[in-house]
Amino acid sequence: MSEKIAVAILGASGYTGAELVRMLALHPRVRIAALTADRKAGSTMAEAFPQFTGLDLPRLIAIGEVDWASIDLVFCALPHATTQEVLKAVPASIKIVDLSADFRLSDPEAYAYWYGHPHKALELQAEAVYGITELDRAAVAKARLVANPGCYTTCGQLPVIPLLEAGAIDPDQIVIDAKSGVSGAGRAAKEANLFTEVSEGFHAYGVGHHRHMAELEQGFSKAAGRPVRAAFTPHLVPMNRGILSTIYVKLQPGRTAEDLHAILAERYQGEHFVKVLPFGTSPQTRHVRGSNFVFMSVAADRRPGHAILLCVLDNLVKGASGQAIQNMNVMMGWPETTGLEQIGLFP
Ligand SMILES: NC(=O)C1=CN([C@@H]2O[C@H](COP(=O)(O)OP(=O)(O)OC[C@H]3O[C@@H](n4cnc5c(N)ncnc54)[C@H](OP(=O)(O)O)[C@@H]3O)[C@@H](O)[C@H]2O)C=CC1
Ligand SMILES: CC(=O)N[C@@H](CCC(=O)OP(=O)(O)O)C(=O)O
């Protein structure tokens, strides 16, 4: 058996932290050496999440108690802003995959604008490599600190970026209508996430100003080779997991919706986790639930010169912890699917 690396999960008592534990407990190259929490420090992982009853896991401790000398790689699943303070104290010899938004924007001014305060770890922000694995694999392989992308932004960029790179769609006419399950908001108690607030209805939020626009625009601008503004409206739907993005695009002259499908099929041919379904298929969140897969497709729009892209993923897996493990596998030079073989949990 190959030697295992020792990993710490900061924020293990949260949803993405628990998802990391669920998948890393079966990862053949990893030993979970430290798990941290804030309010729940001192509890066992089974007390925080009874599904882990019987697993041999370290007790949840405060971040200050972590013995960094014993750790090879850190998964950081803390709230944004807290993350940049904490990661400054992690020794530079340790690899990091950060799930928060703290290191995703490479422009410090853009960060300050969208997050309302100056960045407190600019050296780390400069060092961080943005990592949608399928699009940034070569850079991720060389990185020490990977900024794991957001759930909405993975679901928005995977279908759009190859089309921008191919010059097949108009960069100024991208409209992303996205719906997320409530686990996307994390485990911390918030009035807006009470059962009565989210069940039996659904609503848009952050309309016209959601902070993920910055991350989408950063990716789209790089792919288009010029500044791009995107319309993005997130919605909260009464389900636990999953994101569906319905994306309206304008074709460049001479292009058809079928061309877009062919570009995506070719771009993701051979990718284990990204599946381009037949033209006109409507992918469903329930088919990727609990897995690291992304299903996407293209459909005709009745308006001439337009097309509709559809993309689904599990926000806690490919949208967060699964992609974080995929990035670790790339950073370590291991097969990318290691520990990520789960198939969607349906029905
Ligand atoms: N949920 C999702 O679908 C996605 C989340 N993300 C990002 O991943 C990160 C984690 O998200 P998620 O798991 O949903 O969040 P949760 O709210 O579920 O968990 C947060 C974790 O951080 C700990 N924590 C909170 N405040 C502090 C603090 N001041 N010091 C130390 N530890 C603290 C909590 O400990 P305790 O429980 O003890 O309070 C908990 O373990 C966030 O940055 C989020 O934006 C990214 C993509 C998708
Ligand atoms: C449903 C819900 O609230 N979703 C969160 C985004 C999910 C998340 O936390 O991802 P990031 O790390 O990319 O911010 C939101 O809208 O802020």
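A nonpolar core is taken here as a set of buried Ala, Val, Leu, Ile, Met, Phe, Trp, Tyr and Cys residues joined through C-beta atoms within 7 Å. In the present structure, which is a predicted model, the largest such core holds 100 residues. The members that touch the most others are Ile9, Leu10, Phe75, Cys76, Val294, Met296 and Leu309. Domain 1 (5-149 + 318-332) and domain 2 (152-315) both contribute residues to this core, and it therefore lies between them. In general, nonpolar side chains of soluble globular proteins tend to be buried together.

The domain assignment divides the protein into domain 1, comprising 5-149 and 318-332, and domain 2, comprising 152-315. A separation of 24 Å is found between the C-alpha centres of domain 1 and domain 2. Contacts across the boundary involve 18 residues of domain 1 and 24 residues of domain 2. On the side of domain 1 that touches domain 2, at least two residues are supplied by each of helix 4 (108-115), helix 6 (133-142) and helix 11 (317-332). Helix 11 provides the largest share of that side, with six residues.

An unreviewed UniProt entry lists residues 6-143 as "domain: Semialdehyde dehydrogenase NAD-binding". This span is 32% helix and 17% strand, and its end C-alpha atoms lie 18 Å apart.

Strand 1 (residues 5-10) and strand 2 run parallel and are joined by five bridges. Ile9, one of the core residues named above, has Leu35 of strand 2 as its bridge partner. Strand 2 (residues 30-36) is mostly covered, with five of its seven residues buried. Strand 2 is also joined to strand 3 (residues 60-61), in parallel, by two bridges. In this pairing Leu35 is placed opposite Leu60 of strand 3.

Met296 has Cys311 in strand 14 as its bridge partner. Met296 and Leu309 are both among the core residues that touch the most other members. When neighbours within four places in sequence are left aside, the contacts of Leu309 are Pro159, Val160, Ile247, Val249, Met296 and Val298.

Leu251 is located in the loop between strand 11 (243-250) and helix 10 (257-267). With 20 other C-beta atoms within 10 Å, Leu251 is classed as buried, because the cut-off for that class is 20 or more. Apart from residues up to four places away in sequence, Leu251 touches Ala168, Ile169, Thr256, Gly305, His306 and Ala307. Leu251 and Lys275 are 24 residues apart along the chain, and their C-alpha atoms are separated by 22 Å.

Key:
Residues numbered from 1 in each chain as written. Chains lettered and ligands numbered in written order. Predicted model: local features only at pLDDT ≥ 70, side-chain atom pairs only at ≥ 80, totals over all residues. UniProt positions renumbered as here; feature names shortened; annotations may be inferred. Helix = DSSP H or I, 4+ residues; strand = E, 2+ residues; numbered from the N terminus. Buried ≥ 20, exposed ≤ 12 C-beta atoms within 10 Å, placed from the backbone. Pairing = 2+ DSSP bridges. Domains from an automatic or database assignment. Contact = placed C-beta atoms within 7 Å.
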